[in-house]
Amino acid sequence: MNDMRIAERNVDTNESKISARKVQVYYGTNHALKDVDVDILDKTVTAFIGPSGCGKSTFLRCLNRMNDTVASARVEGTITLDGENIYDAKVDPVQLRAKVGMVFQKPNPFPKSIYDNIAYGPKIHGLTRSKSELDGIVETSLKKAALWNEVKDRLDSPGTGLSGGQQQRLCIARAIATQPEVLLMDEPCSALDPIATAQVEELIDELRSQFSVVIVTHSMQQAARVSQRTAFFHLGNLVEYGETGQIFTNPKDPRTESYITGRIG
Amino acid sequence: MTDISAAPASGSHRGSLLVQDELTRKRNAAETRFRLYGIVAISIAMLALAALLISIFSAGMPAFRQTFVTIPIELPADKLDKSGTRDSAVMAKVTTVGYAKVINEALAAALAAKGISTDGMTEKQIAGLLSPEAPAQLRNYVLANPAVVGTSLPEFELLANGRVDGFFKGRVTMESAKLDSNITPEQLQVAQKMTDAGLMGKRFNWAFITAPDASDQRPEAAGLGVAILGSLYMMIVVLVLSLPIGVAAAVYLEEFAVKNFWTDLIEVNIANLAAVPSIVFGILGLAVFINFAGLPQSAPIVGGLVLTLMTLPRIIIPARAALKAVPPSIRDAALGVGASKVQSVFHHVLPLAAPGILTGMIIGLAQALGETAPLLLIGMVAFVRDYPGGLPGGLFDPATALPVQVYSWTTRGDPGFVERASGAIIVLLVFLLIMNAVAIVLRRRFERRW
């Protein structure tokens with residue numbers, strides 16, 4: 001396992017966007033994540049797989065410090081974004097989250113209009129100076145999220161009135177409207193039907209050209225379809241991390257193999 | 001639980017579907033029984049409510065109608081304005097005693113004109129048909145319109161005596177009048193003749209809502225004006241103070257405070273404060289606001305402050321519940337796009353919690369409006385005939401409050417105050433209903449905006 005990681009680093013050092021070293025997460029006395037070392041590459045889709053409760057969502061939430069909102073959570077180790085430690089005392093998590101956007105498991109549009117859902121992020125970050133500029137951001141974000149054609153005539157109607165798949169794409173559009181550098185997705189398709197899932201997956205593949213995307217998924221097929229690199233978590237440990245093809249066809253760790261073939265998890 | 005596990009063992013569910021087996025019958029019987037219990041409980045509650053409303057309304061509605069005597073009155077200038085200046089400051093020297101004589105002459109003339117005999121009645125008994133308030137009514141009218149002196153008022157309405165009023169409302173009968181030193185059957189007979197002659201009649205009595213309180217001997221003149229103003233002023237103080245403080249406290253505790261020993265302690269104490277008997281807040285108000293801070297007694301500002309203390313925990317608790325009911329996914333969404341904690345609270349969480357907070361607020365205000373005990377201790381149970389001034393100075397003037405007025409009227413001797421107290425309860429109930437209706441409307445309106 002150690003050997004493999006060194007090999008990875010040798011190959012990809014220059015493109016690394018986020019690198020985590022010796023990350024430990026505790027929920028109270030529960031040691032939820034142990035010694036996680038990961039390098040997430042720029043303009044790549046990285047999938048986190050593993051059985052429920054293995055810590056993959058916990059690790060994802062460390063990457064934009066969403067765990068700060070959980071009172072009992074404690075994070076140790078270093079996570080750097082472009083070489084800067086995001087857990088440095090000087091870092092404001094609000095600024096970090098503008099750079100590292102997030103899409104949640106359940107679609108959670110604001111109970112406002114579709115337009116206001118997208119415009120909220122740019123507004124609070126002061127990304128625009130005029131209404132027309134804001135209109136432009138809303139339009140391009142919705143286009144990137146492949147939702148524009150469906151909602152362009154009803155931008156004033158409530159975002160909560162859309163279907164589940166549309167809501168999730170609205171949330172993706174909302175996340176990319178703030179022009180982040182990394183997009184975190186926590187099981188974005190778990191509440192969607194296969195058609196909506198296919199649309200979101202297609203979207204993820206397109207987003208790869210602009211962002212580094214990290215996706216947590218329970219579906220190994222999905223991980224295989226959308227990601228270039230895959231990390232397998234088990235019981236709070238990062239078991240194996242590498243090229244998606246290699247993980248699924250030729251796993252080095254017996255636990256990875258057992259999970260992929262359906263024997264654990 | 002045992003039913004479920006027993007069923008497969010006995011194999012009873014293998015029978016025909018068209019025949020109910022023993023277990024199903026039992027379950028259905030239990031269901032019918034529970035439905036019945038519910039209906040009985042609701043019926044009891046509805047009956048109690050109906051009994052309450054019927055008793056209050058049947059006792060209180062007469063207070064809104066009052067018997068008036070309508071007679072022509074001569075206003076002789078030589079008696080009411082000897083100086084001849086028609087200056088109300090000079091005319092104010094003539095007291096109600098002077099006006100009583102004028103009224104008595106006018107009444108005697110009116111009775112004679114209609115051919116109503118008053119043989120065997122003393123002058124005092126004839127005057128006793130009218131309220132002791134009647135001279136004051138006429139005097140106030142003349143002082144407000146000095147030009148009428150020296151002329152004759154073709155029709156002037158004077159309050160009838162409370163006993164006479166009670167006779168037309170069924171409270172006083174010929175039999176009870178025989179035992180009553182305040183009224184005689186002869187007086188009632190004359191009153192009946194006056195009604196037949198069109199000199200006396202009942203009509204809607206605005207003065208019950210607008211007039212100030214009146215003394216023990218004249219229930220017919222007592223009104224709720226000062227009490228309504230006092231209650232209104234107190235509600236303004238409560239609203240202005242408890243809305244921002246209560247919401248800020250709820251938001252801080254729910255959204256920002258770290259959960260530790262101290263916040264737990266504060267939480268427990270807020271819950272305890274909501275359960276503290278309200279009279280304790282009255283003692284606190286007396287000690288702190290009146291004795292220590294030196295604020296005036298009987299003043300709406302003190303009542304408002306005491307009620308604010310009492311209302312705060314009752315606002316904070318539902319406000320926290322409303323904030324807690326906002327799904328955490330909304331907070332995640334806001335933080336996820338890079339909103340700060342304050343932005344997520346004020347842009348997303350608070351607007352969603354607003355209907356619940358407002359409802360709690362209005363219910364808290366309604367409770368404060370009906371609260372009596374703490375106000376007794378800070379002197380609001382006083383006899384106040386002067387309206388408090390305009391805002392904000394009026395907050396420091398003496399006033400009473402609606403529930404306290406009910407209390408003080410129920411302690412008075414004259415039976416005329418029974419209907420007054422019930423009528424005041426009706427006014428209080430109407431205000432409470434209006435507030436609850438406003439709460440429902442606000443809730444609907446805010447919720448429609450998702």
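In this predicted model, the lining of the second largest pocket divides into 8 nonpolar, 11 polar and 5 charged residues. The volume of the second largest pocket is about 520 Å³. Its lining is made up of 24 residues. Closest to the centre are B:Gly128, B:Leu130, B:Pro132, B:Asn161 and B:Asn182. Four helices of chain B each give two or more residues to this lining: α5, α6 (123-127), α7 and α8 (162-168).

Strands of a sheet pair through backbone hydrogen bonds, and the pairing may be parallel or antiparallel. In chain B, 3 strands form an open sheet. Their order is β2-β1-β3, and the pairing is antiparallel. The edge strands are β2 (152-159) and β3 (200-204) of chain B, and each of them pairs on one side only. From one strand to the next, the twist averages 40°.

The pairing of β1 with β3 can be followed in more detail. Strand β1 of chain B covers residues 65-74. Between β1(B) and β3(B) there are 5 bridges, in the antiparallel sense. One of the residues involved is B:Thr67, whose bridge partner in β3(B) is B:Lys202.

Next come the helices on the sheet. Helix α5 of chain B spans residues 96-113. This helix lies across β1 and β2 of chain B, and runs at about 90° to β1(B). Helix α7 of chain B, residues 134-144, packs on the sheet as well. Helix α7(B) touches β1 and β2 of chain B. The direction of α7(B) makes about 135° with that of β2(B).

The largest pocket involves both chains. Rolling a probe the size of a water molecule over the atoms shows where empty space is left. For the largest pocket, the volume is about 700 Å³. The lining holds 23 residues. Nearest the centre lie A:Thr69 and A:Val70 from chain A, together with B:Glu255, B:Arg331 and B:Lys341 from chain B. The elements that give two or more residues to the lining are α3 (93-99) of chain A and, from chain B, α12 (225-256) and α16 (328-336). Helix α16(B) gives the most, with 4 residues. By class, this lining has 11 nonpolar, 2 polar and 10 charged residues.

Notes:
Residues are numbered from 1 along each chain as its sequence is written. Chains are lettered from A and ligands numbered from 1 in the order in which they are written. This is a predicted model: local features need pLDDT of at least 70, side-chain atom pairs count only at pLDDT 80 or more; totals for chains, interfaces and linings use all residues. Side-chain values use heavy atoms; hydrogens and water are left out. Two strands pair if DSSP finds at least two bridges between them. Axes are lines fitted to C-alpha atoms, for helices over the stretch in contact, and angles run from 0 to 180 degrees between N-to-C directions. Contact means heavy atoms within 4.5 Å. On a 1 Å grid over the protein atoms alone, a cavity is a set of points where a 1.4 Å probe fits but cannot get out, and a pocket is an open set with protein on both sides within 12 Å along at least five of seven lines; lining residues have an atom within 4 Å of a point. Grid points are joined across faces, edges and corners, and a volume is the space filled by probe spheres set on the points. Ala, Val, Leu, Ile, Met, Phe, Trp, Tyr, Cys and Pro count as nonpolar, Asp, Glu, Lys and Arg as charged, and the others, Gly among them, as polar.
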